[in-house]
Amino acid sequence: MATAWLRALHLIADDEPWVFEDRAAADFLSRYQQRFLQRLSAMPRSWSRTFRQRRDALTAMRSQIVVRARYAEDALAAARERGCQRYVILAAGLDTFALRQRQAGQDAADAITVVEIDHPATQAWKRQQLTSQGHEQVENLTYVAVDFERDRLEERLPATASPQFVSWLGTSYYLSREAISATLTTLAETSARGSELVLDYWQQPSTFDLSAALFWGTRVATAFQQEPMRSFFRPSDMEKLALAAGWTVRENCAPIIQDERYLAGRTDNLAVPSFAYLLHLENSLR
Ligand SMILES: C[S@@+](CC[C@H](N)C(=O)[O-])C[C@H]1O[C@@H](n2cnc3c(N)ncnc32)[C@H](O)[C@@H]1O
């Protein structure tokens, strides 16, 4: 819910060009949240600039959310150019790719096949939200319920003969190291050679600055919500884990590179927090 809210807020609080344009995210928000966004967008720009001029936790978090989504969908677009026909969204949450693909009026024949995998409770809630808003089932979308800590992914996600693209965003920090490693291994073993995977991970800060305050604040907040964050990695450790699971590293993208690539020259204050990394992998196993 928080990531959908931040993707929707980006289109109102931040300046154009948008880093990631998700016009379906607001559909998932509560009436109260939607009303807040409507009021914000009705304000004169000079009033709402408090959002754009501040370097605060909300801005940093919003930067991370929109940059990671953009990074994954840019890589997906490049994979599609190379012929990839299946997009697996692990821990999809309120991801709206399938909805946006339909809204864009893409022909079912041209549209990529989407598989959304998520915790059974989250997925059931999302599907119920979609039904209650009158959304019809999206034609080329399949839902698969998996708990990464308990279920065997390989039993739910059949092996593919041709390369697929997988995104796994906003999740690694909530899982145990064992569950991350097992999921990476299963994905490598069940994806065809040339398949790609994009995921994000956090590195625990070693100094205390604004990013560190956000990191520790988020840990406290998520712990209070009974969803504690558990796993953090140094970039070299994350690479080792991925290599051991059968992946090769295309890019281990540091926050400063994300800023240069997606946020340079902006007139708002978007900046990725210094603990948020992105990893782009390619399957070299099968
Ligand atoms: C912060 S959301 C990220 C959603 C989406 N990928 C995004 O970037 O907006 C975290 C997601 O991880 C999923 N998740 C957390 N623990 C899980 C588990 N043990 N098994 C499966 N999914 C899990 C949640 O259901 C939720 O959809």
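Me: How many disulfides does the structure hold?
Reply: The structure holds zero disulfides, and please keep in mind as we go that this is a predicted model.

Me: And C84, is that buried or exposed?
Reply: C84 is buried, because its relative accessible area is 10% and the cut-off for buried is under 20%. C253 is buried as well, with a relative accessible area of 1%.

Me: OK, switching to the ligand. Which residues come nearest to it?
Reply: There are 18 residues around the ligand, and those that come nearest are R68, A91, D118, T122 and F148.

Me: What classes make up that shell?
Reply: The shell around the ligand is made up of six nonpolar, six polar and six charged residues.

Me: Which atoms of the ligand pair up with R68 and T122?
Reply: For R68, an N or O atom of the side chain lies 2.8 Å from an oxygen atom of the ligand. For T122, an N or O atom of the side chain is 2.6 Å from an oxygen atom of the ligand.

Me: Where else is phi positive in a residue that is not a glycine?
Reply: Q226 has a positive phi of about 65° and is not a glycine. Q226 sits in the loop between α9 (210-224) and α10 (235-244), and it counts as exposed because its relative accessibility is 70%, where the cut-off is over 50%.

Me: What is I89 in contact with, leaving aside its neighbours in sequence?
Reply: Beyond neighbours within four places in sequence, I89 is in contact with D95, F97, V114, V115, E116, I117 and S167. I89 belongs to strand β1, residues 86-90, and is buried with a relative accessible area of 2%. I89 and S167 are 78 residues apart in sequence, yet their C-alpha atoms are 5.1 Å apart in space.

Me: Last one, what is the peptide bond from E16 to P17 like, cis or trans?
Reply: The bond from E16 to P17 is cis, with omega near -5°, and P17 is found in the loop between α1 (2-13) and α2 (31-42).

Methods
Residues numbered from 1 in each chain as written. Predicted model: local features only at pLDDT ≥ 70, side-chain atom pairs only at ≥ 80, totals over all residues. Heavy atoms only, no water. Near = heavy atom within 4 Å. Polar contact = N/O pair within 3.5 Å; in protein donor to acceptor, adjacent residues only side chain to side chain. Nonpolar A, V, L, I, M, F, W, Y, C, P; charged D, E, K, R; others polar. Disulfide = S-S within 2.5 Å. Buried < 20%, exposed > 50% of the residue type's maximum accessible area, 1.4 Å probe, protein only. Helix = DSSP H or I, 4+ residues; strand = E, 2+ residues; numbered from the N terminus. Contact = heavy atoms within 4.5 Å.
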